[in-house]
Amino acid sequence: MKHGIYFFDRSIFTTAIQDFTAVIKEDPMNAQARLYRGRAYAKQQQYRNAVDDLAAALHLDPFCWLAFYYRGCILRHVDPKRALQDFSVSVLINDTHENFRSFLHRGVIYVEQCQWSLAICDFESVLALDRSVIFAYLSIGLIMLLHLDQYYKAIQLFTDAIEVDPLNVRVYICRAQAYHTIHNLKDAVRDINRAIHLYPNKSQLYILRGKYLMEMKKYELSRLCIHQVAEMDEESFKSQPIQRALIQSFCQNQDKAIDCMCDVIAVQPEPPMYVLLGKVQMKAKKTKNALESFKVATKLLITSGRTLPNTFEAAEMYYLIGLCYMEQVNLLKAFDAFSVAIRLHPSYPDAFYQRGLCRMQLGQAKCIQDFNRTLALCPSHFQAYMSRAVYYGSKGRYSKAILNCNEALKINPSSVRAYFYRGTLKYQNKTYNVAIEDLSKTIDLNKSCILAYYNRAVSYNQIKDFRKALKDYGILLLLELNKEIVLKVLINRGLLYVKLGDYANACEDFKEAAFYSPFDRQIFQAIGICYHRINEFEEAVRSFNQVLKLDPRYVDAYVGRGNSYMENGQEPDRKQAQKDFLKALHLNPKCVKARICLGYNLQALGKFQKAWNQFTIAIDLDPKCHAAYDGRASVCLQMGETFAAFQDTNAALKLTTTAALLTNRGVINQFMGYLSCAMRDYQNAISVDPDYALAYFNAGNIYFRNRQFSQALDYYSKALQLEPRNESAVMNRAITNTLLKNIKEAKEDFEKAVSLCPFSAAVYFNRANLHYGLKQYELAEKDISTALSIQPNDALMYKFRADIRAKLGFRKEAIDDYKQAISIQEQITSI
């Protein structure tokens, strides 16, 4: 017996069995020999002999707990019920530490039978007997985690296991899984890091860490983990070529992934392998090769009857073939492929969706039916809602398109595309404020969304919030844009500056736009107009010259250049302007704008009848052109035809009501002596445009004429607020202040008038009057002398200076001035 036990302990089971058999032959009632031989048979995987010996041992010694234990271990997989009985009897006989494994094995059987509470009781019994059994902690923790949803208890059990064995990798992985379940991703990653530290060559750990980091939205770190897996040389990883191919594909090593899949196909040429190869080839942009792979897969899948089975596997192959044809823009073949996929698997939402896209690109209205079917099968299909929105938007059904965007946002509330497209649709629907809200949300989600800034700027422009529109255009120009978008932004911002009257900034934007598009005549035309508005007429002429170099037959350029020549006010420039207007009319005799400009040109040259004819022709060409009536009215007024001027102005006012036209009619009424009507026109002009300075000035003149000096002062002041460099308003206010005895204010106004018009004799004459009234005769004499140096043939001013010199005691000089005044007056009378 001792000889047999010696060989058993040294795992020399054949010799041990021979020895125990010899003992049994001599003593058939020896229970111990039966027990040892049964255990030896079990080690030799002779389970039937082992069970027979253990049963015999129990027959000879019913209280042999070891025999029950070992028989339970042998029967655990083949007869779990009987094994449970054996383990139960074993622990009933001996429930001490030396028999804790019976509790452990019985707990495992209970787990396999899903009797969680009984399993937990057995594992807890194990821990009560031996606190160092890691398997018991793990087993209870996994039951709590996976089956009883008691996550925090599971974490505590895994923590207890780590305290017992801090180097156990499996426990860290289990606790990481528990942390992941309660969304504590930070601690989950920490435990996976510890597991990797203990077991750095295990590829699955890196993949798990990459997954957790991706859920934490740490995409770069997650990508790094997958790249680490791709570079690993682990044997277990090498033995899984499909997984290697997927990892290499994720890392954009598409050629390596394709090589891996080719190795797999060489050993296992089955349809799923060809499908996987095709998918990798699609990612590698090798669409033609992918198409061949999918076709091979379908051929392998065809049954002996040469028909495809109605399975999802077959449908997916044709779906992928359709995607390849879509990539090749072969829409008809793609349509056929998607249709086959739908026939093989009628509940395939993505196939319906892609077929809908095909139909939409082919211009078929039935695409909406496919999108509807997609949503019926998969109500959370984001792309289907967005494509349906695009379809309705293209048909001008903006409200319905917006509803589809709303549904898409319910599925993905942080979709930049959905917010942007809904904002664009709302703009098209002319609901600009809500469009701005969506575009602002788009920008919040993606600060560099160029089109969102652009469309929001356009929307702000529509609601006349020009400051915010300018801000968005400015932000756009700070971003990295392509040439086309920069050009559009500069043109739009330039037009916005024009609308605001800021022609200097508009000119700068148009000049920069011309750098990007040097052959666009309209940009140079806009530059010329801006230069004209900021009174840089020579630059304006250069710009219009550039337009005419690009297009010698561009009528508007001739008109613009002619207007710029006109502003110089010199006779040669007016002649040149006339040539440009005539050239424009030669190119387009029906150009009303050129007719009107030629009319004003002839008026400036004193050719009133010819000017009148041009305005009349313009009216014949366009009876609704109020500018032509206004121009003819001004000519009539100069020709002394006041009533005709009044009629033309009324005709213009019937077409449009502007402050300028009302003011012009007021001037005509004033000429005709109808001061109350004139005042009414000026007041109406102010109500139409409260910022029209000329109306205030003319109304002030009527108040002044009626000796209502306080009211006149108010109106002159308002005119100067709007137009501070109006020298006539400054001088009239100075005179009004003089009459109202506002001496200080009068002096200030005269100083300003002198600075604005240093060569105006009237200014010095009126200031001389002020000084004369204040008995400041020396200053008065100085001012009137300056006035006479500017306008030497004025009898009244000589007479006035004579009066001033008489006050100063300069009798001789005063007599000379009187004589000069009389001489000038006699000359005028004789003429």
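**Reading helices and their packing**

Author: Begin with helix H43, whose buried residues pack against H41, helix H42 (693–705) and helix H44 (727–739). Buried here means under 20% relative accessible area, with exposed over 50% and partly exposed in between (1.4 Å probe, protein chains only), while contact means heavy atoms within 4.5 Å. This is a predicted model, in which local features need pLDDT of at least 70 and side-chain atom pairs count only at pLDDT 80 or more, whereas totals for chains, interfaces and linings use all residues. Residues are numbered from 1 along each chain as its sequence is written, and side-chain values use heavy atoms, with hydrogens and water left out.

Reader: Which residues of H43 are buried?

Author: In H43 they are Phe709, Ala712, Leu713, Tyr715, Tyr716, Ala719 and Leu720. Helix H43 (residues 709–722) has 14 residues and reaches 20 Å from its first C-alpha to its last, close to the 20 Å expected at 1.5 Å a residue, the expected span being 1.5 Å times one less than the number of residues. Helices (H or I, at least four residues) and strands (E, at least two) are DSSP runs, numbered from the N terminus, and the protein chain comes to 49 helices and zero strands.

Reader: How is the packing of two helices described?

Author: Two packed helices are described by the angle between their axes and by the distance between those axes. The axes are lines fitted to C-alpha atoms, for helices over the stretch in contact, and angles run from 0 to 180 degrees between N-to-C directions. Helix H40 (residues 659–671) and helix H41 (residues 675–688) pack at about 170°, with their axes 8 Å apart. That angle makes H40 roughly antiparallel to H41, given that angles under 35 degrees count as roughly parallel, over 145 as roughly antiparallel, 65 to 115 as roughly perpendicular and the rest as oblique. The contact includes Leu662 and Val667 of H40, together with Tyr682 and Val688 of H41.

Reader: At what angle do H9 and H11 pack, and how far apart are their axes?

Author: Helix H9 (residues 134–146) and helix H11 (residues 169–181) pack at an angle of about 20°, with axes 11 Å apart, and they are therefore roughly parallel to each other. Among the residues making this contact are Leu138 and Leu142 of H9, and Val171 and Cys174 of H11.

Reader: How much of the protein chain is buried?

Author: Of its 831 residues, 48% count as buried.
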